[in-house]
Amino acid sequence: MTKTDDARVIDALKADVAAATRILETEGILNYSGHMCTRVPGRDALIVQRRTDSRAELAPERMLIVDFNGVVIEGDGKPPSETAIHIEILRARPDINSVLHCHMDLAIAFTMMDDTQLVPMRARATRWQSGIPTHPDPSHIKLTEQGEELAKTLGPHYAALMRAHGMVVVAESPRAILSDAIHFKENAEALMQVLQAGKTPRPITEAEVKQILRFETRDHHIDKMWNYYVRKAIASGGVPAEWGVL
Ligand SMILES: [Zn+2]
């Protein structure tokens, strides 16, 4: 039996989510917890990992498909306990297809400072020029209402911090999430370095953002980042070459 085009697209997305998750684990962006999802094209459903599968060892064939009621409609196992994050953000944001939620220390640190907002510092952080809001609820997001509240805090932006808990980054695809998450971390590191040097942060200005965006080629950059990190992961054995994600 040959697979339909739809099934092939879904298989490719499962492999992308598994590969991106393994790489984000290697990069210290997620660890024993944290997860990403991607929308099943044209359906109110998403691809997400099983709750207890190691982020360092995800496999495409173990991915679940979960509908927007939180019901597993393909695969065997429980989705992450915070799946409401993914469902409610995808529901609220038809312009994005992938969500990363993780508990990166550096992101959490910026929810614990009175006078300092995480803002774009580096040239590759223009994605977040509209702002990076902080969600006030520090608890795990397990209920639909909590997911809706988080989606409201995120609003039209492309990332949000979660008070004393973590962060979300949203993008058009799992490959874009990989690129954005790496730049999000680099940007947070840059701001932290300035603060640790005891200096006053000088974020990129609106005029500088305009200058940078003159030459922005987002799709090309996402491809370049994906190629670099996937090749590196294949060479080190972190991602099997036979997944065909290059
Ligand atoms: Zn969490």
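Against which helices do the buried residues of α7 pack? The buried residues of α7 pack against α1 and α5 (174–196). The legends below set this packing in its surroundings.

This is a predicted model, in which local features need pLDDT of at least 70 and side-chain atom pairs count only at pLDDT 80 or more, while totals for chains, interfaces and linings use all residues. Residues are numbered from 1 along each chain as its sequence is written.

**Figure 1. The whole chain contains seven helices and eight strands.** Helices (H or I, at least four residues) and strands (E, at least two) are DSSP runs, numbered from the N terminus. The C-alpha atoms fill a box of roughly 60 × 40 × 30 Å along the principal axes. A compact globule of 246 residues would have a radius of gyration near 18 Å, and the chain agrees, with 18 Å. The radius of gyration is taken over C-alpha atoms, and the globule rule is 2.2 Å times the number of residues to the power 0.38.

**Figure 2. Eight strands form an open sheet with mixed pairing.** The order of the strands is β4-β3-β2-β1-β5-β8-β7-β6. β4 (72–74) and β6 (134–135) stand at the edges with a single partner strand each, so one side of each has no neighbour in the sheet. Two strands pair if DSSP finds at least two bridges between them. Strands β2 (residues 45–48) and β3 (residues 64–67) run antiparallel and are joined by four bridges. Within β3, Leu64 stands opposite Val48.

**Figure 3. The largest nonpolar core has 64 residues.** A nonpolar core is a set of buried Ala, Val, Leu, Ile, Met, Phe, Trp, Tyr and Cys residues joined through C-beta atoms within 7 Å. A residue is buried if 20 or more other C-beta atoms lie within 10 Å of its own, exposed if 12 or fewer, and partly exposed in between, with C-beta atoms placed from the backbone. Leu46, Val99, Met167, Val168, Val169, Ile177 and Leu178 touch the most other members. Helix α1 (residues 5–26) gives the most to this core, with nine residues. Beyond its neighbours within four places in sequence, Leu178 is in contact with Ala20, Ile23, Leu24, Met225, Trp226 and Tyr229. Two residues are in contact if their C-beta atoms, placed from the backbone, lie within 7 Å.

Figure 4. Met225, Trp226, Tyr229 and Val230 are the buried residues of α7. Just after α7, Gly237 takes a positive phi of about 85 degrees.

**Figure 5. Pro80 lies in the loop between β4 and α2 (83–92).** Pro80 is buried, with 23 other C-beta atoms within 10 Å. Not counting residues up to four places away in sequence, Pro80 touches His35, Val48, Gln49 and Arg51. The C-alpha atoms of Pro80 and Thr52 are separated by 7.6 Å, although these residues are 28 apart along the chain.
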